[in-house]
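Thanks for coming, everyone. Let me put the structure up and walk you through it.

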Amino acid sequence: MKDQTAPATPRTEPIQSATFSNPINAEIRRAAATGIYDIRGGGAKRRVPHFDDLLFLGASISRYPLEGYREKCDTRVTLGTRFAKNPIELDIPVTIAGMSFGALSGPAKEALGRGASAAGTSTTTGDGGMTPEERGHSSKLVYQYLPSRYGMNPVDLRKADAIEIVVGQGAKPGGGGMLLGQKISDRVAAMRNLPKGIDQRSACRHPDWTGPDDLEIKILEIREITGWKVPIYIKIGGTRPYYDTTLAVKAGADVVVLDGMQGGTAATQDVFIEHVGLPTLACIRPAVQALQDMGMHREVQLVVSGGIRTGADVAKAIALGADAVAIGTAALVALGDNDPKWEDEYQKLGTTTGAYDDWHEGRDPAGITTQDPDLMARFDPIEGGRRLKNYLKVLTLEAQTIARACGHNHLHNLEPEDLCALTMEAAAMAKVPLAGTDWYPGKSGF
Amino acid sequence: MCGIVGLFIKDKSLEPQLGALLTDMLVTMTDRGPDSAGIAIYGSESASAAKLTVQSDNPDADFATLGDDLSKAIETPVTVTVKDTHAVLAMSADKIAEARQALPELRSDVKFMSTGETMEIYKEVGLPKDVAARFNLSQMSGSHGIGHTRMATESAVTTLGAHPFSTGLDQCLVHNGSLSNHNSLRRKLRREGIHIETQNDTEVGAAYLTWKMQTGSTLGEALESSLDDLDGFFTFVVGTKDGFGVVRDPIACKPAVMAETDQYVAFGSEYRALVNLPGIDTARVWEPEPATVYFWNH
Amino acid sequence: MQTFDLESQGLRALNEALHAQAENTNQTVWEVVNARGSHAIAVGLDAPIEVNVMGSTGYYCAGMNSQATIKVHGSAGPGVAENMMSGTVIIEGDASQYAGATGHGGLLVIKGNASSRCGISMKGIDIVVHGNIGHMSAFMAQSGNLVVCGDAGDALGDSLYEARLFVRGSVKSLGADCIEKEMRPEHVEILRDLLERAGADAKPEEFKRYGSARQLYNFDVDNAAAY
């Protein structure tokens, strides 16, 4: 008979596997139940080396800072100076990235236009064409030319202030898109010439050209149609930035838009978002090197996007060689996306504030990434525009604050030597010295 | 990414114009490939002689006494014809292998372009019209030729990165497109003992054909198997002593136009390349099908 | 009639002159000589004028055309009449790949053969090919009509949406989600009208109709292999 008074045998604590973690196992079960990969919106959620891993070296005795607010620190930038008769002149080097009508509601597009125009910068259409709301409220509008060519027409093309040929985007370089049926409303369906309610598949390659030699001819055609007036941007996802920047320039780009892996998307496979592409931080130096090797740095402008959130990010991207940045996700957050005031509703959708990424399902409580009339009505485009303008102002002031502290009278005078890195990874990717040293990985002489 | 031109002459009376026609075709394709240009020309066969075409960045120094030095080293007469940075070394066919071995010791900077009984390859960095002028391509005559203008994608703009690539005696390859498995294939081919000089994807395509033919395939069979073993986008044009062939990958996005008359068969990446050919207005013009090997032989 | 020598006057001047033609222009007929395979000839027109291009063209001839009638008296390079909105484009010879790509409206007639990807992503354009078409034609075609009097190559109508495909000859293979469909009287009427307008000597009754099986419209795990 067992002795009841003997001490219990020590037991091993249950240990969660780091490899087969609960989130991973949940994903395995989801895949097993549905037979389809997870589709979501947004950009990479995993931690990757980022601008936070860089710090600025302010001025003190060896260099002299500029007086905040009093001594000038210019923020203006001109995009498209290479071939276009009418380059785009912006007051601030922060632009709004392409986001489609369809992925976003009409009022949300309107708010982007209002906010950007008030702040003196440009906004960008997306997959699905140009809406009157957007054109009407954007003083500078970049028209995206995408593989799907949804809503593509020469009338809108000629209304654009610049044309952005989208080759890829950071969230899914090499991939197309997927807009699920819930969001193909009557209006979206009509603009895209698709049956209502279907899952819309977007192609990954353009239908009528492949490769830089063909792209050069495509650019010629678009310039001929638009009379060589407006700049042609080429947007690429961050994968092989040195070669892709080189080839975009050889093909005749006025501006290269480079989108790192933290860049958002309306909807694509989670596996794509998290596992394909380069962190934004790692994209900039190779692209700038390519421009410098061709003698084209600042001649062909570089716009960097993918995870830009603060004025510090703006300043760091410019210091590494960008001419301007573009924001997408941050602009949506400024408008009210993932706002805690909708927490109850996020909970009902099985998610929480800050984690809501089912932008493709059209049930956005904030009324931004939806085509549902009731949800859309929650969003006020005038108030949204004001919030975006405020946010853009803060980004600019923050970047100016840093530039002045580094002794610069123009944001463009920021340079890599103004930076140091907190981690080996960031030092290697940004090619700036590890803090307190004069060395970064890959540089000889250690 | 590039422009390709090719001309295979059926009517011998056109042979003296081969260089001039090809040069015009090549220069038309400048927009597709402004970085470098090259041409493989199948000229006259000299009695019992084979030709080794080599390149040097210091041609004056390297080529001055090369004929004598090589002649001594391999104990056979060698005649040298210098054309700008290239030199054609003619000798008896059975001495070619020995010459290839001896050359690096005599002139460490000299690079091999091609070997052949009739084929010579000329290629350099620069605009196609400048490259053509350097080698006086327009004065060359021959039975057929292939030209290429290059827009480098992922490898360096160098002489050795320019096309055509030699794949064996009298055989060459040019490419428009971008291969996606060339790194793995390069490692495999190097293990098989195939010499590959550059990081260029097309050189791997050329080396692949060389390897297939060394292991018993005909060129046609090698091209057929390339459709299975090469991944990515490609339009290939290959030259042989007797003719030339064309193959496109199964997706076949990269452009290709062909024209045939009683006098010639011509290839161009764009129709523009063909517009000055005699009788083009009445030629049969068509596009080669995907994943299909075409050949024209004398 | 206005004659324009592309070689001596240049592409920019040509397109500038054609763009300057308003709706009520009296310079209604243009002839472009020395086309010589050049790209982007007569692109982005938006007036009811007639342009005759003498000789063969390069990429994107008649791209984004509205209203104009453009005739190519030769063959057309890649992407002829791409994204056409309205008007008529007639190719006397053959057309290279991507003919009529993403076209929203108007009529494209190819009297010879069309190469691969004819009518790719078409969005309302009508295309009539007197000869054959190449592989991957009507890939992701959304709406409009593609009429082929000859044969079709591999993977016709892959990932098709609502475009109607009519083929008189053989089809080498059908793409994913493309099936043969019944030819109803309304289809015969559409076809009769298109054949007539395209000057094609063929009878509607000789054609078969192909369309979308609509199995890929909403994801179904049992169709996953087709993605």
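Predicted model: local features only at pLDDT ≥ 70, side-chain atom pairs only at ≥ 80, totals over all residues.

Start with chains A and C. On chain A, 23 residues are in contact with chain C, and chain C puts in 36 residues. Where does the largest share of chain A's side come from? Helix H6 of chain A, residues 212–225, gives 5 residues. By class, that side of chain A has 11 nonpolar, 6 polar and 6 charged residues.

Now chains B and C. Here the contact takes 13 residues from chain C and 9 residues from chain B. Look at the chain C side of it. There we have 10 polar residues, 2 charged and 1 nonpolar.

Next, chain B by itself. The domain assignment gives two pieces to keep in mind. Domain 1 covers 2–44 + 124–297, and domain 2 covers 45–117. Their centres, taken over C-alpha atoms, are 24 Å apart. How many residues does each domain bring to the contact? Domain 1 of chain B brings 13 residues, and domain 2 of chain B brings 13 residues. On the domain 1 side, we find 5 nonpolar, 4 polar and 4 charged residues.

Stay with chain B and turn to its sheet. It is open, with 4 strands in the order E4-E5-E3-E6, and the pairing is antiparallel. Why do E4 and E6 of chain B each have one side without a neighbour in the sheet? Strand E4 (79–83) and strand E6 (111–116) stand at the edges, so each has a single partner strand. From one strand to the next, the twist averages 20°.

Zoom in on E3 and E6 of chain B. E3, residues 49–55, is joined to E6 by 5 bridges, and the two run antiparallel. Within that pair, B:Gln55 stands opposite B:Lys111 of E6. Then there is helix H4 of chain B, residues 96–106. H4 packs on the sheet and touches E3, strand E5 (86–92) and E6 of chain B. The direction of H4 makes about 20° with that of E3.

Last stop, chain C. Strand E3 (residues 50–54) and strand E4 (residues 69–73) of chain C pair in the parallel sense, over 5 bridges. Which residue of E4 is the bridge partner of C:Met54? That is C:His73. E4 of chain C also pairs with strand E5, residues 88–91, in the parallel sense, over 4 bridges. There, C:Lys71 stands opposite C:Ile90 in E5.

That's my tour. Over to you.

Note on methods
Residues numbered from 1 in each chain as written. Chains lettered and ligands numbered in written order. Contact = placed C-beta atoms within 7 Å. Nonpolar A, V, L, I, M, F, W, Y, C, P; charged D, E, K, R; others polar. Pairing = 2+ DSSP bridges. Axes fitted to C-alpha atoms, helices over the stretch in contact; angles between N-to-C directions. Domains from an automatic or database assignment.
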